[in-house]
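Here are my notes for someone opening this one for the first time. Have a look at the model, then read the points in order.

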Amino acid sequence: MDHFVRRHRDRLQVLAGVALGVAVAAVALVADSAVELPMQIPTTNALSLLAATFSALVTAGAFAFWMLPLAAQLAASAVPPTIVAGRLHGRFQRRVITVTLGALAYTAVAAAAVPSSEDGSAPTITTALGATLGVAAIAALLVAIEHAVRSTRPSVLVSEVAHGVIDSIRAAGRSAAEQDVDASPASGSSTASVVAPATGWLHAVDEDALLGAVPEGTTVSLQVGLGAFLVEGWTTVATVRGPDIGEEVGGRLEPHFVVDIERSADQALVGQLTQFTDIAVHAGSGSSGAPSVVYETIWYLGAILHELVQHRLGRTARRTDDGRVLEWSPDPDAATLANVATDRIRQVTAAEPAMALELVRVLVDVRRAACRAGRDELVDVLDDQADLIVEQCRRADPLPNDLERVVAARRGGRHADRTAERDEEYVTA
């Protein structure tokens, strides 16, 4: 049921908006029949007011839907279109659409309830509420336009994606730090595997249902993380070990893995990092040419790497009172994530000495923090990335002064046993 709701969320919200508008109109009509107000609205005036409200809603809606693609097109020149589309299809926009459809449905029902006789009077509460809802819905559409334009600015998009990565690193670090569960496999002679129930992307895992479907004292070890691509009947999504485990356990557990054909990069840390680096690659491409966006991704890269220095990631597990254990697949280690975050941005800066210089400065700054924190594995990664930046700059054949500045910045973050002679080799080669 939850999977159905997630997959058809947009259609359900449309129906919910229309149903809510009709329900409110019905309540208003009942109130009009129960309460007789001294102020009466002639039917002609009421019909004109409701018709004008309906027309204004349609016009404002058409203008809003014309502005949204325009804002998306402008933002897509500097940021990947997939990221822009995701922001335009956010929760706020869906709620505005729901409210607008509800106001349209209400206005239509209210107009239909107005008596046809020109000498009669229209339902006062219903008519007044219809005009009020129309104005509110138009205001919501105008706010939605402003929100869409603001939320699709390149700086805002870079910031939102980067902070999403940072929040995920902090959450993963807290989970690993607070982990007090013995994640060792349960004792027992029975082992079974669970394969993917469908081909697509893993969107969710029903943890409670998984643990409830296995006997006491059983350990369920997830072999993939959220956002992983699965092949039906082939990809092993979990292994089960414990007493009284039969081959049929796989069939019981498969329905609790929610697989969808649409990928969501927000669900996996590696996917979020890839989405973040996509911004730098797109902005640094010849067709886009948005160097300011590349610089912003470099600076936010520093913030992301600092978070990797501060938080240690690892496998998390959950144990119930009756001894059932659910182990989540471990996130990639910090060194792997640092490489994922840096590799593609480094390649974007290869032909731009000024960008390469800024990236080296960021890496040197993070390296100092990693040294103070005793994160030797990150120190090695940052040193290697800085070396690769210099090598890429050398192969791009920049002016000698530009290359010297990059080498000098890198020298500030090198190990003591790496001598200046090697720096000179890069400059003179």
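How many salt bridges does the count come to? Taking a salt bridge as a side-chain nitrogen of Lys or Arg within 4 Å of a carboxyl oxygen of Asp or Glu, the count comes to twelve.

1. Some ground rules. This is a predicted model, where local features need pLDDT of at least 70 and side-chain atom pairs count only at pLDDT 80 or more, while totals for chains, interfaces and linings use all residues. Residues are numbered from 1 along each chain as its sequence is written, and side-chain values use heavy atoms, with hydrogens and water left out.

2. Start with Glu 307 and Arg 170. They form a salt bridge, with the closest N and O atoms 2.9 Å apart. Glu 307 sits in helix H11 and Arg 170 in helix H7 (residues 154-177), so this pair ties together parts that are 137 residues apart in sequence. (Helices, H or I with at least four residues, and strands, E with at least two, are DSSP runs numbered from the N terminus.) Glu 307 is buried at 6% relative accessible area, whereas Arg 170 is partly exposed at 35%. The cut-offs are under 20% for buried, over 50% for exposed and in between for partly exposed, using a 1.4 Å probe and protein chains only.

3. Next, Arg 318 and Glu 207. Their side chains meet in a salt bridge of 3.0 Å, N to O. This pair also links distant parts of the chain: Arg 318 is in strand E9 (residues 317-319) and Glu 207 in helix H8 (residues 207-212), 111 residues apart. Arg 318 is partly exposed at 31% relative accessibility, and Glu 207 is partly exposed at 24%.

4. For a local pair, go to helix H15. Arg 405 and Asp 402 both lie there, three residues apart, or about one turn of the helix. Their salt bridge has its closest N and O atoms 3.9 Å apart. Arg 405 is partly exposed, with 46% relative accessibility. Elsewhere, salt bridges that share partners join Glu 207, Asp 208 and Arg 318 into one network.

5. Now the helix packing. Helix H11 (residues 291-310) and helix H13 (residues 353-373) have axes 9 Å apart and pack at an angle of about 10°. That makes H11 roughly parallel to H13. Axes here are lines fitted to C-alpha atoms, for helices over the stretch in contact, and angles run from 0 to 180 degrees between N-to-C directions. Under 35 degrees counts as roughly parallel, over 145 as roughly antiparallel, 65 to 115 as roughly perpendicular and the rest as oblique. By class, this contact has 17 nonpolar, two polar and two charged residues. (Ala, Val, Leu, Ile, Met, Phe, Trp, Tyr, Cys and Pro count as nonpolar, Asp, Glu, Lys and Arg as charged, and the others, Gly among them, as polar.)

6. Compare helix H14 (residues 376-395) and helix H15 (residues 400-411), whose axes come within 10 Å and cross at roughly 170°. That makes H14 roughly antiparallel to H15. The contact has seven nonpolar, no polar and three charged residues.

7. Finally, Ser 221 in strand E5 (residues 219-222). Ser 221 is buried, at 10% relative accessibility. Its side chain joins that of Glu 327 through a polar contact of 2.6 Å.

Terms used: A polar contact is a pair of N or O atoms within 3.5 Å; within protein, one must be able to donate a hydrogen and the other to accept it, and residues adjacent in sequence count only if both atoms are side-chain atoms.
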